[in-house]
Amino acid sequence: MAETAQHEGKILRINNAGLGVVEDEHSQQQFVFTFDKIQNYRGEEARELGLTIGAHVRFTATADSQVTAVEIIRP
Amino acid sequence: MPGQLVLDPRDRTTTGRWQPSGPVPPALRQFGRFPDVSTWLPGDLLLFSALNPSWVSQAIIRGQERGGYAPEDARWHHAAVYLGDGITVCEASSRGVRRTPMYHYLQTHLLRIRRDESLSSDERWLIAMNALTRLGSPYAFGRILSLARQAWQGYWQPGNKLPLIGMRAVICSELFNDSYSLVTERLLVAAPSGTVKPADLSLTSRLVDVETSWLSI
């Protein structure tokens, strides 16, 4: 299993196709994720999840920048 | 970095013949050339640069230059996704996301084809399909205005982020970028401004240019 690291950051962009871009608050590195990486995701739309531009999230990513899980901390 | 591979409508060299399988615009027959799409794959990125840009295209080019891109990247003002049938692209234009033949670009635009060579055939088709799922989405005019404002400050400025409004609306370069990321779960471009522009797609080293020649009609 690939090693992962924990990050926190802000949502930079989302679209209704189920894609989000998050920026790590420390490194300013950008990561992309699909909504199915959000904990307990069941096909909801972004606004139903409280996923908005600027929302604060915690996420894990592999060394090659693949996001494996996203948790919304503050919408 | 190798130079850009560009198909230029002013180049009259042809490497074979193209037989249309159906009706084509008379102007295209008069032009007499069609790209050799045998080297293209579904999900390829097409970049366009008008020989005589409209005021809108000029504004995008100037905005990208002012924002910090080199002229050879800033000149690409439009992007589309090739759908794999030899003729059709999916693009976000002022009329929204639509599926359209590429005929009307061929005589008037420089054309550049780019792709991620590491993708599988299935992934390429999925990029094309993901673009098609956005058919009918409106064009993000608001984002273009925000990009223009940002260009004055410089796209390189940290914290120069866009207030992004409307998740459904889309601009041409995002259509390819988002379709790519949905399939690969990889970031294609880390645009400092938050929005991927045609110049970003020109610049990224994740994509390589595909050599294309003209066929005579």
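**Reading a sheet and its neighbours**

In this predicted model, strand β4 (residues 56-62) of chain A runs antiparallel to β5(A), and 6 bridges join the two.

Q: Why do β4 and β5(A) count as paired?
A: Pairing needs at least two bridges. These strands have 6, so they count as a pair. One bridge links A:Phe59 to A:Val70 in β5(A).

Q: What makes β3 and β5 (67-74) of chain A edge strands?
A: The open sheet of 5 strands has the order β3-β2-β1-β4-β5 (chain A), with antiparallel pairing. β3 and β5 of chain A each have a single partner strand, so one side of each lacks a neighbour in the sheet. From one strand to the next, the twist averages 40°.

Q: Which strands of chain A does helix α7 (residues 172-184) of chain B touch?
A: Helix α7 of chain B packs on the sheet and touches β1, β2 (19-24) and β3 of chain A. Its direction makes about 85° with that of β2(A).

Q: How many residues of chain A are in contact with chain B?
A: Contact requires C-beta atoms within 7 Å. In chain A, 16 residues are in contact with 15 residues of chain B. β1 (4-15) and β3 (30-34) of chain A each supply at least two residues of that side of chain A. By class, the side has 8 nonpolar, 7 polar and 1 charged residues.

Q: Where in chain B is confidence lowest, and where is it highest?
A: Confidence is lowest in helix α6 (residues 141-153) of chain B, at a mean of 72. Strand β7 (residues 109-115) of chain B is highest, at 98. Chain B averages a pLDDT of 89.

Notes: Residues numbered from 1 in each chain as written. Chains lettered and ligands numbered in written order. Predicted model: local features only at pLDDT ≥ 70, side-chain atom pairs only at ≥ 80, totals over all residues. pLDDT = per-residue confidence, 0-100. Helix = DSSP H or I, 4+ residues; strand = E, 2+ residues; numbered from the N terminus. Contact = placed C-beta atoms within 7 Å. Nonpolar A, V, L, I, M, F, W, Y, C, P; charged D, E, K, R; others polar. Axes fitted to C-alpha atoms, helices over the stretch in contact; angles between N-to-C directions.
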